[in-house]
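Here is a short briefing to read alongside the structure. Take a look at the model first, then go through the notes below.

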Amino acid sequence: MKPAGIITLTTDFGRRDWFVGIVKGVILGVNPSARLIDVTHDLPPGDIGYGAFALAAACQFFPPGTVHVAVVDPGVGSARGAIAIQTGKFFFVGPDNGVLSWAVRKDKVIAIHKLKNESFFLRPVSATFHARDVFAPVAAHIANGTPLSALGPPINDFVRLVWPEARSCGGEAVGQVLYVDNFGNAITNLEVSALENHGGATLEVLNAGERICYVAEFYQAVPAGEAVAVTGSSGFLEIAINGGSAAKELDLAVGSEILIRKVAP
Amino acid sequence: MKPAGIITLTTDFGRRDWFVGIVKGVILGVNPSARLIDVTHDLPPGDIGYGAFALAAACQFFPPGTVHVAVVDPGVGSARGAIAIQTGKFFFVGPDNGVLSWAVRKDKVIAIHKLKNESFFLRPVSATFHARDVFAPVAAHIANGTPLSALGPPINDFVRLVWPEARSCGGEAVGQVLYVDNFGNAITNLEVSALENHGGATLEVLNAGERICYVAEFYQAVPAGEAVAVTGSSGFLEIAINGGSAAKELDLAVGSEILIRKVAP
Amino acid sequence: MKPAGIITLTTDFGRRDWFVGIVKGVILGVNPSARLIDVTHDLPPGDIGYGAFALAAACQFFPPGTVHVAVVDPGVGSARGAIAIQTGKFFFVGPDNGVLSWAVRKDKVIAIHKLKNESFFLRPVSATFHARDVFAPVAAHIANGTPLSALGPPINDFVRLVWPEARSCGGEAVGQVLYVDNFGNAITNLEVSALENHGGATLEVLNAGERICYVAEFYQAVPAGEAVAVTGSSGFLEIAINGGSAAKELDLAVGSEILIRKVAP
């Protein structure tokens, strides 16, 4: 796979300070023609699950050969490893703490390497900012064509966050909220297509035993202020309030159990 | 007009999630050399008027041939159309709900086309994210040189938001607040040049019958904490507090009536 | 020094409106191939010290020949000057109000020029938005190779913010908080290396006569919720709460006095 010259950034650094800017400066010092795309820098600080979900939702929409860097790294400076992963379509660079794992959940992993070769780092390596000193220059070198094998020894596996599989049985499926987006939409791990033989029947959505809404095609299928569940842009069922925040108004958060089933005729 | 290879983005998606990143990934998949510029992604969700004003204020400062994409799209998935507009200077792409209309208010429109040709879309087209599936790839194709006529049938007109014209009569002009910016400055539809024969006289600014400030050349013409009206960077009179928020302290919002007139000698 | 084709932007404009987008549009009109990097646009409005610190912390990590634009400009439209500075490594463009001064504090200044030649401006120059009308086009021309001497007359000096030097004496050093970052970390002007002969001894950190934490290598050297001081990515000692906000929980702000010293054996 040839690198595409595109590097994406997914972090919890915020945008108020100079941290993201520096990461880009370091990349351009190594690879002056890299195209730099922000996925987000506003993840909840230290929340590896949010980072893993955002990266997984975003990465597939980039051209093959894109280098995806994700840094949610509460353990920076401690013993956690740093890795690069190559799949059939992309390169991934980040701490070995699970943040990369959902992005490659369904893909064939071709190679995993520890980042050990300091000649690809910005030195001296600080104890607090590996995005600048390790991940940025390594990503820039990968986008330049450096093979993963030059970066450090191959390893067999890496830290994987458990993906909470939805369970479906007959006309019901049970899952949970995985991510609450900026609009307050509660994105679940449920896929309507997984519900067998629902064949166009009306589907209802329950939380804690109570029906909170029905499944529809789009947000405005319900009047303003009402709840609706739609298959969101990430392919998963998400619960929304037309013009409002479902998370707030329906008291949903990451981990809230969600059940969908056919409405009894 | 030759495309400039520049695509601007004006949305209400926020920056906390991956939505803007994906839109850029899709564009780069179609047009790897596109220059991507964020105008804003922090418009009040669903506020078409704010989007229309921001696009109109920003678009003129880009090179000819720029493709401007604006997506404030509360009706995504419903029956609202999707369009591309070509003027003498720019291309515009977005939902046909008025968000593009103030940007082309004073320009000669050369062509308007419905976006109907699905071969330019990312398929399958979702019901919730047309920025990704329709507007991004179409904009990338336009920046690649695809003529609007390939995108779908020409139409004669599109949804236009009413532009609230200021009225001037003798030494007075009456208008209203159209936009409150990040600093709390209240931007109006009043142009000082429209006030006939004011010839350097001191001008006072009134809201609800009370004088709130005078017109001056720049913010610091008044002491810190005091109100002033200046011709802002968009060419319209804006009411500011030097070092504070005029909207908050003077209780101004979109729609607040503003009158300017010569001070009685 | 040859320009690198990279222009960075450090401002207090916020991202909610179209101001940053316009600045980029103007730059691309002059220099279509410029690489545009946001350092930050979320500085506290009008806070020149924050701007000076952010620019100084960020600028060194960009390739030689980068043009750094910093605009925190409460005096826009008044008598304050506009300048460009060339050092051995970078170009700097901004208002002459101190915002550029900490970035060049330790560097040899090769040239300082007033921005006076209006043929490099976007005209007419507004009274409220010199980033658009003066600094953006001038930076784009510098990145195009225009020498500073073409921009206006050379000057001998420019407005410099006083850099509060830390004082160290024997086993103690006294400094102050200069910047509070997005995570609530309180960044000081203290450098551990400046503390003579500390030779690996444990160091304690005091504010207002009370010990608030010890110096360690990285944030997670202490349990979650506890305070720690580390040498941050800018090279200065910063006081953090592992997983929290040191500024809030320890009541630290810009100007808070910080003392470090060896713990008595």
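Leaving aside neighbours within four places in sequence, which residues is C:V230 in contact with (heavy atoms within 4.5 Å)? They are A:T128, C:A216, C:E217, C:F218, C:Y219, C:F236, C:L237 and C:E238.

A word on the ground rules: this is a predicted model, in which local features need pLDDT of at least 70 and side-chain atom pairs count only at pLDDT 80 or more, while totals for chains, interfaces and linings use all residues. Residues are numbered from 1 along each chain as its sequence is written, chains are lettered from A and ligands numbered from 1 in the order in which they are written, and side-chain values use heavy atoms, with hydrogens and water left out.

**Around C:V230**
- C:V230 sits in strand 12 of chain C, residues 227-231; strands are DSSP runs of E, at least two residues, numbered from the N terminus.
- With 0% relative accessibility, C:V230 counts as buried (under 20% relative accessible area, 1.4 Å probe, protein chains only).
- C:A216 is 14 residues away from C:V230 along the chain, and their C-alpha atoms are separated by 5.4 Å.

**Chain A as a whole**
- Chain A has 14 strands and four helices (helices are DSSP runs of H or I, at least four residues).
- The C-alpha atoms of chain A fill a box of roughly 65 × 35 × 35 Å along the principal axes.
- Of the 265 residues in chain A, 60% are buried.
- Among chain A contacts between residues at least 6 apart in sequence, 66% join residues at least 24 apart.

How values were computed. Buried < 20%, exposed > 50% of the residue type's maximum accessible area, 1.4 Å probe, protein only. Contact = heavy atoms within 4.5 Å.
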